[in-house]
Amino acid sequence: MTSVTYDHKALVIDGKRRVLQSGSIHYPRTTPEAWPEIIRKSKEGGLDVIETYVFWNYHEPVRGQYYFEGRFDLVRFVKTVQEAGLFVHLRIGPYACAEWNYGGFPLWLHFIPGVQFRTNNDIFKNAMKSFLMKIVDLMKDENLFCITRRTNHSCSG
């Protein structure tokens with residue numbers, strides 16, 4: 001169990017003030033067999049944190065049908081990072097980035113009547129909430145998220 005707090009200067013992890021260095025690895029852009037080596041090299045290069053987008057378009061290609069296999073096995077990726085002794089910054093989104101097809105939004109979202117992206121649009125927010133909750137629940141079920149308490153956070157892994 002890792003204890004995480006913060007003060008006015010930095011995160012305090014297990015009683016030690018830390019400034020974390022992070023870098024991105026987009027797990028779907030390679031294979032699970034390559035992840036350990038990429039992560040090892042990242043750690044050797046001085047990283048403490050691996051950040052990654054969670055790609056809505058890949059994980060929910062059809063509305064309500066989720067996919068987490070092969071290079072889209074998010075749980076396996078997070079566990080691989082943890083096994084290397086690094087933290088994960090999970091960027092659930094829902095928007096990934098402009099360089100990713102359709103910003104990471106699933107194409108089916110475009111065809112919902114009345115949807116407006118990245119706005120205070122209830123149709124968009126409801127679809128987004130379903131996906132976000134799916135990812136949060138997946139991480140919770142695998143005990144991969146930190147548990148928040150007032151000023152102290154406990155993380156397993």
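Helices (H or I, at least four residues) and strands (E, at least two) are runs assigned by DSSP, and they are numbered from the N terminus. The model described here is predicted.

**The annotated domain**

The UniProt record, an unreviewed entry, places the feature "domain: Glycoside hydrolase 35 catalytic" at residues 11-141. Over residues 11-141 the chain is 37% helix and 15% strand.

Two packed helices are described by the angle between their axes and the distance between the axes.

| Helix pair | Angle between axes | Distance between axes |
|---|---|---|
| α3 (residues 74-83) and α5 (residues 122-141) | about 50° | 11 Å |
| α1 and α3 | roughly 40° | within 10 Å |

Angles from 65 to 115 degrees count as roughly perpendicular, those under 35 degrees as roughly parallel and those over 145 as roughly antiparallel, while the rest are oblique. The pair α3 and α5 is therefore oblique. The crossing of α3 and α5 is right-handed. On the α3 side, Leu74, Val75 and Val78 take part in the contact, and they meet Ile135, Leu138 and Met139 of α5. By class, this contact of α3 with α5 has six nonpolar residues, with no polar and no charged ones.

For the other pair, the axes of α1 and α3 cross at roughly 40°. That angle makes α1 oblique to α3. The crossing of α1 and α3 is right-handed. Here Trp35, Pro36 and Ile39 in α1 meet Arg76, Phe77, Thr80 and Val81 in α3. The residues of the contact of α1 with α3 divide into five nonpolar, one polar and one charged.

Which residues of α3 are buried? They are Leu74, Val75, Phe77, Val78, Thr80 and Val81. What do the buried residues of α3 pack against? They pack against the helices α1 (35-44), α2 (56-59) and α5, and also against the strands β5 (49-53) and β6 (87-91). After α3 comes Gly85, whose phi is positive, near 85°.

Tyr95 has a relative accessibility of 28%. Buried means under 20% and exposed means over 50%, so a residue in between is partly exposed. Tyr95 therefore counts as partly exposed. Leaving aside neighbours within four places in sequence, Tyr95 is in contact with Gly103, Phe105 and Arg118. Tyr95 and Arg118 are 23 residues apart along the chain, and their C-alpha atoms are separated by 8.1 Å.

Tyr102 also lies in the loop between β6 and α4. Its relative accessible area is 32%, and Tyr102 is partly exposed.

Most residues other than glycine have a negative phi. Tyr102 is not a glycine, yet its phi is positive, about 60°. Asn143 likewise has a positive phi, near 60°, in a residue other than glycine. Where is Asn143 placed? Asn143 is in the loop between α5 and β7 (147-148). With a relative accessible area of 43%, Asn143 is partly exposed.

How values were computed
Residues are numbered from 1 along each chain as its sequence is written. This is a predicted model: local features need pLDDT of at least 70, side-chain atom pairs count only at pLDDT 80 or more; totals for chains, interfaces and linings use all residues. Side-chain values use heavy atoms; hydrogens and water are left out. UniProt positions are given in the numbering used here, feature names are shortened, and annotations may be inferred rather than shown by experiment. Axes are lines fitted to C-alpha atoms, for helices over the stretch in contact, and angles run from 0 to 180 degrees between N-to-C directions. A crossing is left-handed if the near helix is turned anticlockwise from the far one by less than a right angle, and right-handed if clockwise. Contact means heavy atoms within 4.5 Å. Ala, Val, Leu, Ile, Met, Phe, Trp, Tyr, Cys and Pro count as nonpolar, Asp, Glu, Lys and Arg as charged, and the others, Gly among them, as polar. Buried means under 20% relative accessible area, exposed over 50%, partly exposed in between (1.4 Å probe, protein chains only).
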